[in-house]
Amino acid sequence: MADILVTGGAGQVGLELLAHAWPQGVTLHAPSRAELDITKPESVAAVMASRHWAAVINPAAYTAVDKAESEIGEAFAINALGPALLAQATKAAGIPLVHVSTDYVFDGSGTRPYLPGDAIAPIGVYGASKAAGELAVRSGNPRSVVLRTAWVVSPHRANFAKTMLRLGATRDSLGVVADQHGSPTSATDIAAALAAITQHLLADAEAPTGIYHFTNAGQTTWHGFAAHIFARAAAARLKTPAVKAIATSDYPTPARRPAYSVLDTASLTRDFGIAPRPWQEATGETIDALIQASNSSAEGSRSA
Ligand SMILES: NC(=O)c1ccc[n+]([C@@H]2O[C@H](COP(=O)([O-])OP(=O)(O)OC[C@H]3O[C@@H](n4cnc5c(N)ncnc54)[C@H](OP(=O)(O)O)[C@@H]3O)[C@@H](O)[C@H]2O)c1
């Protein structure tokens, strides 16, 4: 029997962790944010003491990249202090911590996929707060894995695929940034990778630890990803806009983003046997589910 504590269970990755088909004998517990606020030492201590946990998975985060530029304290509390408290608590309990981080710890000047050991140099507050969280996790509990991921989509909450489908339903044309390169990634596949890593750590006290990368395979730009989303929408006979390629400089945002943040996932495959599938296939499932959900809600409102 293994009881696993999941933080941020209402988030994109958290919800997919809860939906994942865990083996028999594993039970996931995802307290609400009101029950477990990872920035509050007393909250972390109470939840940690409430049960004999086998492991903690931490996908909870402050993920509003632009807002972070003006909410620095909040971003660092959730993305750095919270992970530090979890690292301390899991170290004291003698259990592993699996933490989620981001491609935005890199500055984007790379010209080949980033390796986990490459120098990090965040160019925004969100990336800096996540970088501090990585350090806190790795130094606070050596029995930890930090899994960096990127460009997450899921049927839940706000993400690029949902935004494109929403805007595409009403606009005739959309300008989408074509000079930022990365790998769109399904939250379902991130959850499966986190589950596999956690199970390795539970099964083997000598299992590898450290920083790893997981994204779906291949790379594109936000413009390429938008084109993929609208190709699926067109196949489902939805109205789609013309998608124009624009430059980052044409779409100013409060936070700067890395121009290139493709992650090399080879060490994850080598050490944990996890082989990411192509981004088109993985995100295609999410996009189709979103299209289906919007079709059924449109039908529901027509028949209501
Ligand atoms: N989204 C992306 O494109 C992306 C890209 C790269 C890496 N990542 C990383 O992937 C991980 C998961 O991201 P996601 O997209 O699933 O995030 P998300 O959908 O924004 O969910 C984050 C969750 O954390 C919870 N949370 C925030 N502050 C908390 C606190 N103090 N205590 C407890 N819970 C708290 C949120 O609660 P509420 O429900 O109350 O808001 C939410 O449920 C994060 O580490 C993120 O940095 C994400």
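This is a predicted model: local features need pLDDT of at least 70, side-chain atom pairs count only at pLDDT 80 or more; totals for chains, interfaces and linings use all residues.
Reader: Which residue does K40 form a salt bridge with?
Author: D37, with the closest N and O atoms 3.2 Å apart. A salt bridge here is a side-chain nitrogen of Lys or Arg within 4 Å of a carboxyl oxygen of Asp or Glu.

Reader: And what about R257, which residue is the partner there?
Author: R257 forms a salt bridge with D66, and the closest N and O atoms are 3.0 Å apart. That pair links distant parts of the chain, 191 residues apart. R257 counts as partly exposed at 23% relative accessibility, and D66 counts as partly exposed at 23% too.

Reader: Which residues are linked in a network of salt bridges?
Author: D189, R277, E281 and E285. Within it, the side chains of R277 and E281 meet at 3.3 Å, N to O.

Reader: How many salt bridges does the whole structure have?
Author: Eleven, from a search of the whole structure.

Reader: Switching topic, what are the ground rules for the numbers?
Author: Residues are numbered from 1 along each chain as its sequence is written, and side-chain values use heavy atoms, leaving out hydrogens and water. Local features need pLDDT of at least 70 and side-chain atom pairs count only at pLDDT 80 or more, while totals for chains, interfaces and linings use all residues.

Reader: How much of the protein counts as buried?
Author: 50% of the 304 residues.

Terms used: Buried means under 20% relative accessible area, exposed over 50%, partly exposed in between (1.4 Å probe, protein chains only). Helices (H or I, at least four residues) and strands (E, at least two) are DSSP runs, numbered from the N terminus.
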